[in-house]
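Here are my notes on the model you asked about. Have a look at it first, then read on.

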Amino acid sequence: MTGAELVVKLLTEHGVHSVFGYPGGAIMPIYDALYQSPVKHYLCRHEQGGGFSAIGYARASGQTGVCLATSGPGATNLITALADALLDSVPVVAITGQVSQAVAGTDAFQEVDVLGLSLTCTKHSFYVRDVADLAATLREAFLLAQSGRPGPVLVDIPKDVQLAPVDYQPLHLTTATAAPDCSGLATQIAAARTLLQQAQKPMAYIGGGVHMADALPELNAFLTATGMPSVTTLKAMGSVEKANPLYLGMLGMHGTQAANIAVQQTDLLVCLGARFDDRVTGNLKKFAPEAKVIHIDIDPAEINKLRAADVAMLGDLKALLPVMAVAGDYSAWQAHCSALKQQHGWRYDHPGERIFAPLLLKQLSERMPDNSVVSCDVGQHQMWVAQHMRFNSPRNHLSSGGLGTMGFGLPAAIGAKISRPQDTSVLVTGDGSFMMNVQELATIKRFRLPVKIVVIDNQRLGMVKQWQQLFFAGRYSETDLSDNPDFVSLAAAFAIPGHSISHKDEVESALDAMFSWPGPYLLHVRIDETDNVWPLVPPGAANHDMMTDLPQWEE
Amino acid sequence: MSNAAKSHQHTLTIHTRHEAVAIERLLQVTRYRGFTLAGLELKPLADLTGLLITLSVVSDKPISLLVNQLNKLYDVLDLELHQAEAGALRA
């Protein structure tokens, strides 16, 4: 077989049934090998769309996502998706074609140094010089993408390597998997248990590392056993069982008041698979100022990176959480947190007839089918989704957290639908973000993917505009999008039906119509451009200094 | 009197795979994580199976931040930090 055929063989060897990409000159041998192969290729309409679809596929399923691109512009178009996957720890293998080695380094047509370009936004990037190394390199790429802290890996394959003859040698996998071992952490575990017993106001700060460690059952057992209140990051939404009364929601810049106040008051912060991101901590020096810290992570570089830990453990949360659990008497603290939650609940009593996005999203959350996957883009709607929708798994909430990439949502929703065809895939996007990868409507059309699209349209780059209003003296530089296209007509051009609404009394019937339609559907929701996201922790402030007293209808 | 944190010099000995990309990554990470390059020497191992690199950096940040990031690199096989500091560079 050829190197290209070997690539496809190795994809099947790794259980890859679906890949996303776009063909071009330097990757034509691999596309030829894909032709009539058992690997289903989803043609996206931009390589970035292919990259984000691979991420959506991976995040919704837990499997490694695979994307393909040709050399030069094809590969450079993947870079943003790779950076997104790196920041959010998503296992992705990107395979790029490269010009033949005979012309490598000559500034050949569509030649660019993809290896060099990609190194800072992957776990590692490989360039395959010899077809004899191809199988080992691809196997290493899949292993690396999934191991430890997951992330993207790129394999750049010159065209001559794709065309070279090679034999396939099956990999004899060792199926025995060693059980996670935390015996080497006995001292730290004992110290952590002591801190838990001494604490009066402990708080679990839960990040995306918990579900990536497949440790959600252990997490919820730990929370139940300890009676500890909890908060989550954006990536960990859906980690805590809905029935847990001491879950206070998301913390950070647009977190709940209850979460932010309680975290500032805690005397023991138990950080589980999270990384003290600046959107979480606000002013780091003022974050949880009285708290001792227990920090557990799989990535040694996250320990003590931003906040010194009193007890640090580098290991598997699935093994560590059960042995750490120790019950304490936190009844006064529990009552306090419950009171905070009660006192600072969301308000949906928005006056007037215009649609209030938080209420619409609450209604969407209540009406969507069980186990729906919600992808979103970046901006105000993204924060409203995190605040007002409820999820029963982090795999049901796909949001570009670390990189904050506008244009993420539509292709991610496509990838989610392909990875979980039995579940409903919902995209909540904004009018700015939607246009960033709008060409992927063609992918929906081509494959008749029943993705439900909700465009929250304020004719503005809303989050930037909000900051301009609050922190730049109302100088609205380049955030007016009032020349947006007619989104319903735009969808119709891709054979996607749609409907536009602007009044509260239209919402329920519109949502019902969208979900009852058997195919893809676009619901265009006009909202007031003055609506803002609250609460907000201003830059440089501590998390308890939230701006909450400017409800938009009182401005 | 400056309130700036004191900068320190640190020296790392790093064994990497024999790949040019290993050097690229070392330098990228050093720059990106806020460490100033103060010296770089490298030589291939006698059997050409790897590179032995001596990297000197200056920063007011804890050296552990760099060590932890470098240790994650695919091509880094071993890393040793020499604790001998050149001392404070700024008052």
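1. Strands here are DSSP runs of E, at least two residues long, and helices are runs of H or I of at least four, both numbered from the N terminus. Buried is used for a residue with 20 or more other C-beta atoms within 10 Å of its own, exposed for 12 or fewer, and partly exposed for anything in between, with C-beta atoms placed from the backbone.

2. Before going further: this is a predicted model, where local features need pLDDT of at least 70, side-chain atom pairs count only at pLDDT 80 or more, and totals for chains, interfaces and linings use all residues. Residues are numbered from 1 along each chain as its sequence is written, while chains are lettered from A and ligands numbered from 1 in the order in which they are written.

3. Which residues cover the two faces of S16(A)? On one side A:Val451, A:Ile453, A:Val455 and A:Asp457 are buried, and on the other A:Lys452, A:Val454 and A:Ile456 are too.

4. S16(A) also has partner strands (a pair needs at least two DSSP bridges). Strand S15 (residues 425–430) of chain A runs parallel to S16(A) over six bridges, with A:Ser425 opposite A:Val451. Six bridges also link S16(A) in parallel to strand S18 (residues 521–526) of chain A, and there A:Ile456 faces A:Val525.

5. Over to chain B, which has an open, antiparallel sheet of four strands in the order S2-S3-S1-S4. Strands S2 (36–44) and S4 (76–82) of chain B are at the edges with a single partner strand each, so one side of each lacks a neighbour in the sheet. Inside the sheet, S1 (residues 8–17) and S3 (residues 50–59) of chain B pair antiparallel over 10 bridges, and B:Thr11 sits opposite B:Ser56.

6. How do the chains meet? 10 residues of chain A are in contact with 12 residues of chain B (C-beta atoms, placed from the backbone, within 7 Å). Chain A's side of this has five nonpolar, four polar and one charged residues. Nonpolar covers Ala, Val, Leu, Ile, Met, Phe, Trp, Tyr, Cys and Pro, charged covers Asp, Glu, Lys and Arg, and the others, Gly among them, are polar.

7. On confidence, the predictor gives the complex an ipTM of 0.90 and a pTM of 0.95.

Conventions
Two residues are in contact if their C-beta atoms, placed from the backbone, lie within 7 Å.
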